[in-house]
Amino acid sequence: MGDRADGAAGCARRVAPGHLLHPHTEAALWNEQQWREWTARRCPFFVAVTGARPVGSAGVIATEGGPELVSMWTAVPARRTGVSDQLVHAVAEWARGAGHRELRLWVLDGNQAAEKLYLRNGFLRTGAVRPCSAEDLRPENEMALSLSPVPAARRSEPSSPTIRPYRPEDEEAVVGLWSRASRIAHPFIANEGAGERERKLREIYLVEADNWVAENPAGGVVGLMGLLGSEIGGLFVDPGAQKMGIGKQLVAHALRLHGRVTLDVFELNTAARAFYARLGFREIGRHPESDTGFTAITLELTA
């Protein structure tokens, strides 16, 4: 990996739409000089190279609020090889070395793969949202990374989230992650993640259940579990933090508290059913779910 723009024109042409500061259709018509001017405005501009072939790039732009990571791109054959993490790490180390206290970026809402990349590298959502551009009104979420000195070994292997009791000040973060997760898990439910179902979450479940949250090392709430005695009434993990063991960690906490737990999962929620099967849950019954009428499967797990 080098802090240089060699071959950057070829790289940037393949950056996904929405990551460029110019419309992709317009940028695709740029000549070599225009591409070099574009990369020059990103200072520094990092390129990941395998042999002589560029396989990834990331740039930095200066804003009033500090440096922003932009133009993140990894070639398809180089994905899941660590190249993306190396690029993020290189940008963060440059920003830290330059004396900055924070590095920020914007990620398209729903781009779970990108958000997972940034989460595992220590970024957290700030709560700020903006449209991609004046022409593209899809929302982007701001994320930020604290640049206080951290040993390299700890950065590469983030600590597991802490399971702690829910607090009233967690409400907005919890409702947000519940809404994002439930819309993905329950696409068959009309107006899921909002409306009357959100009202019940806020006014009933967050008040009456024994609620626990998963909090990552930087202080962000990324998971919610509501217990009704030994029943797991709800378990949700923010889509950007899924497949990191957080759901398993929450279930393990419930088992430590009660020794035996039950829960209901929608028959149509095949991803959740597969997750619980991997943990060893067994089916003990089925019934129509009271609010929706969809079939719910009751599962049981004993420590």
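Okay, some housekeeping. Since this is a predicted model, local features need pLDDT of at least 70 and side-chain atom pairs count only at pLDDT 80 or more, while totals for chains, interfaces and linings use all residues. Numbering starts from 1 along each chain as its sequence is written, and side-chain values use heavy atoms, with hydrogens and water left out.

Of its 303 residues, 45% are buried. Buried here is under 20% relative accessible area, exposed is over 50%, and partly exposed is in between, with a 1.4 Å probe and protein chains only. The accessible surface is about 15,600 Å², and 53% of that belongs to carbon and sulfur atoms; that's Shrake-Rupley with a 1.4 Å probe, and for residues only the protein chains shown count as cover. If you take contacts (heavy atoms within 4.5 Å) with a separation of 6 or more, 56% are between residues 24 or more positions apart.

Now the helix pairs. H7, residues 171–185, packs on H8, residues 195–208, at about 135°, and the axes are 11 Å apart. That angle makes H7 oblique to H8. The axes are lines fitted to C-alpha atoms, for helices over the stretch in contact, and angles run from 0 to 180 degrees between N-to-C directions. On the H7 side you've got Glu171, Glu172, Val174, Val175 and Trp178, against Arg197, Glu198, Leu201, Arg202 and Leu206 of H8.

The loop between H7 and H8 holds Asn191. Its phi is near 60°, positive in a residue other than glycine, and Asn191 is exposed at 52% relative accessible area. Most residues other than glycine have a negative phi. Lys243 is another one to look at, with phi near 65°. Lys243 sits in the loop between strand E10 (231–237) and helix H9 (246–258), and is exposed at 80%.

Ser84, Asp85 and Val88 of H4 meet Leu117, Tyr118 and Arg120 of H5.

So what covers the buried residues of H5? H4 is part of it, and so are strands E3 (66–74), E4 (102–108), E5 (124–131) and E6 (139–146). The buried residues in H5 are Ala114, Glu115, Lys116, Leu117, Tyr118 and Leu119. H5 is followed by Gly122, whose phi is positive, near 100°.

Last stop, Val222, in strand E9 (residues 221–228). Val222 is buried, at 7% relative accessible area. Leaving out residues up to four places away in sequence, Val222 touches Leu177, Ala214, Asn216, Phe236, Val237, Asp238, Ala241 and Ile246.

Terms used: Helices (H or I, at least four residues) and strands (E, at least two) are DSSP runs, numbered from the N terminus. Angles under 35 degrees count as roughly parallel, over 145 as roughly antiparallel, 65 to 115 as roughly perpendicular and the rest as oblique.
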